[in-house]
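Work through the following exercises with the sequence and the model at hand. Each task is followed by a solution in steps.

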Amino acid sequence: MKVGARGKVFGIDMTDEQRAKAERLRVRDGFMTVKFLKGYIEEVPLPDGTADAVISNGVINLATDKPRVFREAARLLKPGGRLALADIITETQLPDTIVCNSTLWAACIGGAAQRDNYRAEIEAAGLRVAKEEDNPQYQFISENAQGATKKFSVKSISLLARKA
C-alpha cells in the first residue's frame with residue numbers, strides 16, 4: 001500500500017523481538033514512513049480516526065476477543081476507511097476439543113471463528129463487509145491442522161470492510 005511522502009504506516013506488535021526484527025527490516029529497506037509500536041491488536045496506542053486503512057494478515061484468529069478487535073479497528077478508522085484482512089475461519093462452529101487444543105491454536109485453527117459469526121462481529125463493530133473471498137491456495141502443514149481443516153471446513157479468507 002502506498003502512503004505518499006507525508007503518509008504514515010504503523011506496525012503494532014506486542015513482542016519486543018518481533019518489533020526489533022521489523023525495525024531491522026525497515027532500516028535495511030529504507031521504509032522511512034513506517035513506525036513500529038508496542039501494543040495489542042485489541043488496544044492500539046493511536047488516537048481515534050487515525051487510519052485510512054487497517055490491515056491484518058492472520059492475526060485476528062489468534063485473538064480470544066474478536067468483537068473487541070473489530071471495535072478497535074473501527075475506532076482507528078476514519079469515515080470511509082477500510083479494514084483489509086486475511087484470516088482463518090471455519091464453516092461450522094468448532095467443538096471445545098479443537099478450541100482448547102493449544103497445538104491447533106498455534107496452527108491458527110483453534111481460534112478460528114465460524115464464518116457467519118465472524119462477519120456479524122465485523123458488522124456489529126460498525127463496519128460493512130464489501131468483499132470476501134476464499135483463499136484455496138492456503139494449505140495447513142501439520143496433520144492435526146489438515147484433519148481439522150477437512151472435518152470442520154477451516155479455510156483462509158480475504159475480506160474487505162468499510163467504515164460508514
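**Exercise 1.** How many aromatic pairs does the structure hold?

Solution. The model is a predicted one. The structure holds 2 aromatic pairs. In one of them, Phe 70 and Tyr 118 are arranged edge-to-face, with 5.2 Å centre to centre and 90° between the planes. Phe 70 belongs to helix H2 and Tyr 118 to helix H5, so this pair ties together parts that are 48 residues apart in sequence. Both Phe 70 and Tyr 118 are buried. Tyr 138 and Phe 140 also form an edge-to-face pair, at 5.1 Å centre to centre and 80° between the planes.

**Exercise 2.** Classify Tyr 138 and Phe 140 as buried, partly exposed or exposed.

Solution. Buried requires under 20% relative accessible area, and exposed requires over 50%. Tyr 138 has 39% relative accessibility and therefore counts as partly exposed. Phe 140, at 10%, counts as buried.

**Exercise 3.** With which residues is Leu 83 in contact, leaving aside its neighbours within four places in sequence?

Solution. The contacts of Leu 83 are Val 54, Phe 70, Ala 73, Leu 77, Leu 127, Leu 159, Leu 160 and Ala 161.

Key: Residues numbered from 1 in each chain as written. Predicted model: local features only at pLDDT ≥ 70, side-chain atom pairs only at ≥ 80, totals over all residues. Heavy atoms only, no water. Contact = heavy atoms within 4.5 Å. Phe/Tyr/Trp six-rings, centres within 6.5 Å; stacked < 30°, edge-to-face > 60°. Helix = DSSP H or I, 4+ residues; strand = E, 2+ residues; numbered from the N terminus. Buried < 20%, exposed > 50% of the residue type's maximum accessible area, 1.4 Å probe, protein only.
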